[in-house]
Amino acid sequence: MNKLHFFIVLFLFSSLQFMAQQKLSPKATVSVVTCGPGNELYSTFGHSAFRIYDPLLGLDRVYNYGTFDFNAPNFYMNFVKGKLTYQLSTASFSRFLRAYQYEKRWVKIQVLALTSKDKQAVYDFLENNAKPENKEYQYDFFYDNCSTKIEDVIKTILKDKVEFSNSHITSIKTHRDLIADYTNEHQWSKFGIDLALGSVIDKKATKNDYKFLPDYIFEAFNNATIQNNDNLEPLVLKEITILKELPVNKSFEILSPLNVLVALSLLIVIITYKNIKNKKRTKALDFVIYLLTGSIGVVVLLLWFATSHTATYKNYNFLWAFAPNLVVAFYMLKSKLPKWVHYYNWILLGLIGIQFLLWALKIQVFNTALIPILLGLAVRYWFLAKKLN
């Protein structure tokens, strides 16, 4: 056989193999993979994916909607602006599993009760969706992520054959409550999230809204039904634990947000008390307070108005982190303050009062670690307002 004939035969053999792989065998299964939370912020909420397994074809592949390309043009700028492009990637199940073994996270699969025709439809859909021209989508943490995609794909393919009742959800929570369920052990992460996200996440979440979290997608599938050959059956045929949940060692954070802000607040109060006694003003303290609160305020407003993040709208943290403070900070270095600073500090006190009112009315729920620093700021602003009388 000459080289030309060899390559023709090889090409035809490869083509036939490729075509054969497109037709799943009767032994094939389609599963939803759910992974437990990890220790890093990006893994705090767990993960969801699809698995297609066909022992006769030697196929065992994971379809993962939770990946992105660090090397994409303007990645970090798009990340900040809320224009996050995620993509559907594929990998062998063994390779996928190794990462979770290393991170000591649990992994469960739910084998779906699908007909051969429906299995093929899911496989064809995922294969087509994984093509370079189709794999990218605009990510949204609450409404379009690796978890919500799981139910969306099944509904798109099976349409009215499948029904998700959501009857298992009996709690009444906001998006912030749902986030807190997973971040209470990560206090700085929770503090940052509460600082960055606005009042829009303090509204009551619908039952469908819960499904941005993999645990709730897992339960949604366990309680869903499918119409197979005129029979109404559970959508999940069986549940298998691949990696068991391991106990987590909880550690007490000495430098928690609450402890740090209590210490800073006490420092502000102590210096202010000494200033009252000595009838002096510590200019450096005022400069730092105004500079930091102003800088945080600028970031809060940029997240609100200059990005596409849907969860950062209407963030009333700007009331204590008041952006104009960034400019006023430089006036605070003067030995003799302008008269208008007197009125300005009364305004700052009023804004803190409004923030506590919004908090009491649950228009926006703020991180409890803010309480000491708000009180410390209120003491300092009162001192500056009275000093100029």
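Are Tyr86 and Tyr137 buried or exposed? Both Tyr86 and Tyr137 are buried, where buried means under 20% relative accessible area, exposed means over 50%, and partly exposed lies in between (1.4 Å probe, protein chains only).

The model is predicted: local features need pLDDT of at least 70 and side-chain atom pairs count only at pLDDT 80 or more, whereas totals for chains, interfaces and linings use all residues. Residues are numbered from 1 along each chain as its sequence is written, and side-chain values use heavy atoms, with hydrogens and water left out.

**Overall composition**

The protein has 13 helices and 10 strands; helices (H or I, at least four residues) and strands (E, at least two) are DSSP runs numbered from the N terminus. Of the 389 residues in the protein, 44% are buried. Among the contacts with a separation of 6 or more, 76% are accounted for by residues 24 or more positions apart, a contact being heavy atoms within 4.5 Å.

**Aromatic pairs and charges over rings**

Rings of Phe, Tyr and Trp (its six-membered ring) pair if their centres lie within 6.5 Å; planes under 30 degrees apart count as stacked, over 60 as edge-to-face and the rest as tilted. The count by this rule comes to 26 aromatic pairs. One of these pairs, Tyr86 with Tyr137, is tilted, at 6.3 Å centre to centre and 55° between the planes. This pair links distant parts of the chain, since Tyr86 belongs to strand 4 (residues 85-92) and Tyr137 to strand 6 (residues 136-138), 51 residues apart.

The rings of Trp340 and Tyr344 have centres 6.1 Å apart and planes at 85°, so this pair is edge-to-face. Trp340 and Tyr344 are 4 residues apart in helix 12 (residues 340-360) and are therefore separated by about one helical turn. An α-helix has 3.6 residues a turn, so residues three or four places apart point the same way. Trp340 is partly exposed, with a relative accessible area of 38%, while Tyr344, at 10% relative accessibility, counts as buried.

One aromatic cluster is formed by Phe45, Phe141, Phe142, Tyr143, Tyr182 and Phe212. Charged side chains also lie over rings, the criterion being NZ of Lys or CZ of Arg within 6 Å of the ring centre and within 35 degrees of the ring normal. Arg51 lies over the face of Tyr53, 4.9 Å from the ring centre, and the charged end of Lys108 sits over the ring of Trp106, 5.0 Å from its centre.

**Helix packing**

Axes are lines fitted to C-alpha atoms, for helices over the stretch in contact, and angles run from 0 to 180 degrees between N-to-C directions. The table lists three packed helix pairs.

| Helix pair | Angle | Axis separation |
|---|---|---|
| Helix 6 (residues 175-183) and helix 7 (residues 187-196) | about 160° | 9 Å |
| Helix 7 and helix 9 (residues 257-278) | about 70° | 9 Å |
| Helix 10 (residues 283-305) and helix 13 (residues 370-387) | about 125° | 12 Å |

Angles under 35 degrees count as roughly parallel, over 145 as roughly antiparallel, 65 to 115 as roughly perpendicular and the rest as oblique. Helix 10 is accordingly oblique to helix 13, and helix 10 passes helix 13 in a left-handed crossing. That contact is made by Leu285, Asp286, Ile289, Tyr290 and Thr293 of helix 10 and Leu377, Arg380, Tyr381 and Leu384 of helix 13. A crossing is left-handed if the near helix is turned anticlockwise from the far one by less than a right angle, and right-handed if clockwise.

Helix 6 and helix 7 are roughly antiparallel to each other, and their crossing is right-handed. Arg176, Ile179, Ala180 and Thr183 in helix 6 meet Gln187, Lys190, Ile193 and Asp194 in helix 7. Helix 7 and helix 9, by contrast, are roughly perpendicular to each other; Gln187, Trp188 and Phe191 in helix 7 meet Pro257, Val260 and Leu261 in helix 9.

**Buried helices and an exposed loop residue**

In helix 5 (148-158), 8 of the 11 residues are buried, so this helix is largely enclosed by the rest of the structure. Helix 5 is followed by Lys159, whose phi is positive, near 50°. The buried residues of helix 8 (residues 214-222) are Pro214, Tyr216, Ile217, Phe218, Ala220 and Phe221; their packing partners include helix 5, helix 6 and strand 10 (236-243).

Leu255 lies in the loop between strand 10 and helix 9 and, at 60% relative accessibility, counts as exposed. Leu255 touches Trp188 and Val260, not counting residues up to four places away in sequence. The C-alpha atoms of Leu255 and Trp188, 67 residues apart along the chain, are separated by 9.3 Å.
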